[in-house]
Amino acid sequence: MSKEIEVSVKTEHGVRVSISEWDDGGAWLHLQGRNASMSSVLTRDEAQQLFDCLQALLAKEATT
């Protein structure tokens, strides 16, 4: 039995960021704020690029 991965985080600015599995290894990204809502489907490669950028950003913050 496969469990779908879904994570939702509410930022300190009141924006809810959600990500979940989509089709064959892709991801569905959703941002929802007070007056706006937007979503995008990411391919596996696009999701990996986003992940790599976030890791690089967090690594940079930790060293400064």
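1. A pocket is defined on a 1 Å grid over the protein atoms alone, as an open set of points with protein on both sides within 12 Å along at least five of seven lines, and its lining residues have an atom within 4 Å of a point. By that criterion, the second largest pocket is lined by Ile19, Leu29, Leu42, Ala47, Leu50, Phe51 and Leu54. Its volume is about 160 Å³, where a volume is the space filled by probe spheres set on the points, and grid points are joined across faces, edges and corners.

2. Basis of the model. The model is predicted: local features need pLDDT of at least 70, side-chain atom pairs count only at pLDDT 80 or more, and totals for chains, interfaces and linings use all residues. Residues are numbered from 1 along each chain as its sequence is written, and side-chain values use heavy atoms, with hydrogens and water left out. The pLDDT, which is the predictor's confidence in each residue on a scale from 0 to 100, averages 90 over the protein, and 89% of the residues score at least 70. Confidence is highest in β4, at 97, and lowest in α1, at a mean of 90.

3. Overall architecture. The protein comes to one helix and four strands, arranged from the N terminus as β-β-β-β-α. Helices (H or I, at least four residues) and strands (E, at least two) are DSSP runs, numbered from the N terminus. Of the 64 residues, 11% count as buried; here buried means under 20% relative accessible area, exposed over 50%, and partly exposed in between, with a 1.4 Å probe and protein chains only.

4. The sheet. The four strands form an open sheet in the order β1-β2-β3-β4, with antiparallel pairing. The edges are β1 (6–10) and β4 (37–42), each of which pairs on one side only. Direction ignored, neighbouring strands of this sheet are turned by 15° against each other on average; the axes are lines fitted to C-alpha atoms, and angles run from 0 to 180 degrees between N-to-C directions. Two strands count as paired if DSSP finds at least two bridges between them.

5. Strand pairing in detail. The antiparallel strands β1 and β2 are joined by five bridges. Within this pairing, Val9 stands opposite Val17 in β2, and Lys10 has Arg16 in β2 as its bridge partner. Seven bridges join β2 (residues 16–22) to β3 (residues 26–32), again antiparallel. Here Ser18 has His30 in β3 as its bridge partner, while Ser20 has Trp28.

6. The hairpins. Five residues lie between the strands in the hairpin of β1 and β2, where Gly14 takes a positive phi near 85°. The hairpin of β2 and β3 has three residues between the strands. Most residues other than glycine have a negative phi. Asp23 is found in the loop between β2 and β3 and counts as exposed, at 67% relative accessibility.

7. Trp28. This residue lies in strand β3. Is Trp28 buried or partly exposed? Trp28 is partly exposed because its relative accessible area is 26%. Trp28 and Val41 are 13 residues apart in sequence, yet 4.6 Å apart in space, C-alpha to C-alpha.

8. The largest pocket. Its volume is about 330 Å³. The lining comprises 14 residues, of which Gly25, Gly26, Ala27, Arg44 and Ala47 lie nearest the centre. At least two lining residues each are supplied by β2, β3 and α1 (44–63). By class, this lining has seven nonpolar, four polar and three charged residues. The classes are as follows: Ala, Val, Leu, Ile, Met, Phe, Trp, Tyr, Cys and Pro count as nonpolar, Asp, Glu, Lys and Arg as charged, and the others, Gly among them, as polar.

9. Return to the second largest pocket. Its lining has seven nonpolar, no polar and no charged residues. The largest share of that lining, four residues, comes from α1.

Terms used: 1 Å grid on protein atoms, 1.4 Å probe; cavity = no way out; pocket = protein on both sides within 12 Å on 5 of 7 lines; lining within 4 Å.
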